[in-house]
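Subject: Structure handover

Hello,

Here is the structure for you to look through. Please open it beside this email and follow along.

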Amino acid sequence: MGTVITWWGHATCTVEDSGVRVLTDPLFVRRLAHLRRRLGPVPPPEATVADAVLVSHLHSDHLHPRSLSRLRPGTRLIVPRGADRSVPALRRLDARRNPAGLRITEVDAGDEMEIGTLRVRAVPARHDGRRLPVGPHRSPALGYVISGESRTYFAGDTGLFDGMADAVGPVDVALLPVGGWGPHLGPDHLDAGRAAQALTQLAPRAAVPVHFGTYWPIGLDGVRPHEFYAPGDEFVRQAARLAPGVAVHLLRHGESVRPGVGV
């Protein structure tokens, strides 16, 4: 059957493997605070259908309670340790408090869980995972490796870090952030060049760039527009130079690919 990756925009992807659907960092809104969805439609209802949802960290463009409320009651939600304390709105979505809520599990790097026939392992990320702009640093930023017919690495938000390949382990497909939502990337992010460097460490067979070309600050359309449009194409170029053995799939919003790799 093979693994199918669908990119809905920003860090929101569906990974379908062995008949199980896993959704990452769902963001289903046209506007978030000072950001608006500049390119691509808001994901359709089919994007909310998942057996489990993986949240990489607590930033509001990755853990978005209003988007999570669109999931089917009883959907399994995997979040970083401490999310319940840091995000009060998440508590109202917990099936232990709300019969129509979600089955929430908090995890740390190294934790493993079964989702149907898949095995999911939380792995470390180099990123500030706390709920900003207030609150202590209570929660880690995570990535996840989804293992079934293929091993798919969803990096969430991360910078390069020593021991990245050892922490993540062997993977077939890498979903890597290559940009952001503003004219300047903060620390501990991957841009197109650093994401291509990550490929040289991780050595997947295929890669899909994410976290670019979707949201942008209102009123800044004319400020460094190449930072909005260019990261995907630049990643393709840099990956061809640094990791020519990796097949890079540059998707449009709502587009799917079957990378055609197996374990």
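Is threonine 3 buried or exposed? Threonine 3 counts as buried, at 3% relative accessibility. Buried means under 20% relative accessible area, exposed means over 50%, and partly exposed lies in between (1.4 Å probe, protein chains only).

Before going on, note that this is a predicted model: local features need pLDDT of at least 70, side-chain atom pairs count only at pLDDT 80 or more, and totals for chains, interfaces and linings use all residues. Residues are numbered from 1 along each chain as its sequence is written, and side-chain values use heavy atoms, with hydrogens and water left out.

**Threonine 3**

Threonine 3 sits in the segment before strand E1 (4-9). Helices (H or I, at least four residues) and strands (E, at least two) are DSSP runs, numbered from the N terminus. The side chain of threonine 3 makes two polar contacts listed here. One is with the side chain of aspartate 17, at 3.0 Å. Another is with the side chain of serine 150, at 3.2 Å. A polar contact is a pair of N or O atoms within 3.5 Å; within protein, one must be able to donate a hydrogen and the other to accept it, and residues adjacent in sequence count only if both atoms are side-chain atoms. Setting aside neighbours within four places in sequence, the contacts of threonine 3 include Val15, Glu149, Thr152 and Pro259. Contact means heavy atoms within 4.5 Å.

Now look at strand E14 (residues 206-210). Five of its five residues are buried. Ala206, Val208 and Val210 are on one side, and Ala207 and Pro209 are on the other. In general, side chains in a regular strand alternate between the two faces of the sheet.

Strand E13 (residues 173-177) runs parallel to E14, and five bridges join them. Two strands pair if DSSP finds at least two bridges between them. Leucine 176 stands opposite proline 209 in E14. E14 also pairs with strand E16 (residues 247-248), in the parallel sense, over two bridges. There, alanine 207 stands opposite valine 248.

**Helix H5**

E13, helix H5 (residues 192-202) and E14 make a right-handed β-α-β unit. Right-handed means that, with the strands pointing away from the viewer, the path from the first strand over the helix to the second runs clockwise.

Which residues of H5 are buried? They are Ala192, Ala195, Ala196, Ala198, Leu199 and Leu202. They are on the same side of H5, because they cover an arc of only 150 degrees around the axis. The arc is that of the directions from the helix axis to the C-beta atoms. The cover over these residues includes strand E12 (151-154), helix H4 (164-168), E13, E14 and helix H7 (231-242).

Check both ends of H5. At the start, a side-chain oxygen of aspartate 191 reaches to within 3.2 Å of the backbone nitrogen of glycine 193. Just after H5, alanine 203 takes a positive phi of about 55 degrees.

**The cores**

The largest nonpolar core has 52 residues. A nonpolar core is a set of buried Ala, Val, Leu, Ile, Met, Phe, Trp, Tyr and Cys residues joined through side-chain atoms within 4.5 Å. Tyr144, Tyr153, Leu176 and Phe235 touch the most other members. H5 gives the most to this core, with six residues. A second, separate core of 19 residues includes Leu63, Val79, Leu102 and Ile104.

Leucine 176 deserves a click. Apart from neighbours within four places in sequence, leucine 176 is in contact with residues including Tyr153, Ala195, Leu199, Val208 and Phe235.

**Loops**

Most residues other than glycine have a negative phi. Histidine 211 has a positive phi, near 60 degrees. Histidine 211 lies in the loop between E14 and strand E15 (215-217), and is buried at 2% relative accessibility. Arginine 224 has a positive phi of about 45 degrees. Arginine 224 lies in the loop between E15 and helix H6 (226-229), and is partly exposed at 34%.

**The three-stranded sheet**

Finally, E15 belongs to an open sheet of three strands. The order is E4-E5-E15, with antiparallel pairing. Strand E4 (31-32) and E15 are the edge strands, each pairing on one side only. Three bridges join strand E5 (residues 35-37) to E15. Leucine 35 stands opposite proline 217 in E15.

Best wishes
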